[in-house]
Every structure is written in C-alpha cells, then in structure tokens.
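Student: Could you walk me through this model? I'd like to begin with the surface and then see where we end up.

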Amino acid sequence: EVLAVDGGIFVIRDRVRCAEPPRIDWLMHTFSKVTRAGHFLVCTGEKADLLMAVGEPAQWQFSVHPGHVDAKENASNTLVISTEAKQTEAVVTVILVPVLKHADAPEIAWEEGVAEIRSGDKVCRIPCTGSRLSLE
C-alpha cells in the first residue's frame with residue numbers, strides 16, 4: 001500500500017501473514033550510496049537525498065549489499081530491512097522523504113502506530129495501524 005503526501009513524501013506499508021512467524025526481508029534497489037544518519041537511512045543523490053524512516057525501528061535490522069543488481073537499470077545497491085517476526089502477521093512501514101542538499105530534513109516521530117511528519121510549520125499525522133493508510 002502506498003500513500004502520497006505533500007512535498008513528494010511517500011508512505012509505503014507492506015503486510016505479511018504466515019502460518020508461522022516469518023523472517024521478513026524488505027528489499028529496495030538504489031543507484032545511490034546508502035548510509036545511516038540517526039534514525040534515518042539516507043540514499044545520497046547529486047542534488048537531493050532520499051531519507052527513509054522505518055516504523056518501529058528497534059525491531060528492524062538494516063544492511064546494504066553493494067553490487068550490480070540490474071544491468072538495464074544500472075541499480076548498484078540493495079538495501080535490506082529485516083526482522084524475525086514474533087507473530088504470524090508483520091507490518092513494515094517506510095516513509096520516503098526527498099530533501100534538497102543543504103535543506104532542513106523534516107522531523108519524523110512514531111508513536112503508538114501513528115507517524116508524525118513535521119516540516120517547518122506543517123504537521124502531517126498518518127495512522128499506520130488501520131485497514132488503510134490515510135492522513136489525519
């Protein structure tokens with residue numbers, strides 16, 4: 001499920017249901033170098049960076065696997081977000097935020113299943129636990 005928010009921000013939510021608690025690997029292919037900056041993962045671009053915030057970050061592990069992924073697309077890295085689920089249903093929610101070089105990054109907070117994105121005087125609240133993603 002994907003929700004587009006003002007300013008080019010996207011919220012992506014994947015749900016997994018299994019008979020047994022699964023190991024989940026969520027993959028993202030990227031042209032850019034991926035680093036960790038505080039609670040963000042950052043894909044570094046020439047004119048802008050793409051910040052990624054993962055919901056409930058304490059339960060997820062992050063790794064980047066460099067290497068040629070796709071000759072046609074020339075993607076060179078695979079970002080892997082992983083967890084060992086404790087239940088038969090697991091959810092990964094990722095917020096993607098483009099930020100121009102030297103611009104202030106928004107603040108993103110997760111509290112009780114709600115993502116709050118603050119940028120300047122704008123505040124966006126997104127409940128992430130309901131049946132559908134939506135803005136409050």
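Tutor: Accessible areas come from the Shrake-Rupley method with a 1.4 Å probe, and for residues only the protein chains shown count as cover. On that basis the protein exposes about 8,400 Å², of which carbon and sulfur atoms supply 51%.

Student: What should I know about the model and its numbering?

Tutor: This is a predicted model, where local features need pLDDT of at least 70 and side-chain atom pairs count only at pLDDT 80 or more, while totals for chains, interfaces and linings use all residues. Residues are numbered from 1 along each chain as its sequence is written, and side-chain values use heavy atoms, with hydrogens and water left out.

Student: How many helices and strands does the protein have?

Tutor: There are zero helices and 12 strands, counting DSSP runs of H or I with at least four residues as helices and runs of E with at least two as strands, numbered from the N terminus.

Student: New topic: how many disulfides does the structure hold?

Tutor: It holds zero disulfides, a disulfide being a pair of cysteine sulfur atoms within 2.5 Å. For Cys43 the closest cysteine sulfur, in Cys128, is 20 Å away, which is too far for a bond. Cys128 is in no disulfide either, since its nearest cysteine sulfur, that of Cys124, lies 9.7 Å away.

Student: And is Cys43 buried or exposed?

Tutor: Cys43 is buried, at a relative accessible area of 5%, where buried means under 20%, exposed over 50% and partly exposed in between (1.4 Å probe, protein chains only). Cys128 also counts as buried, at 7% relative accessibility.
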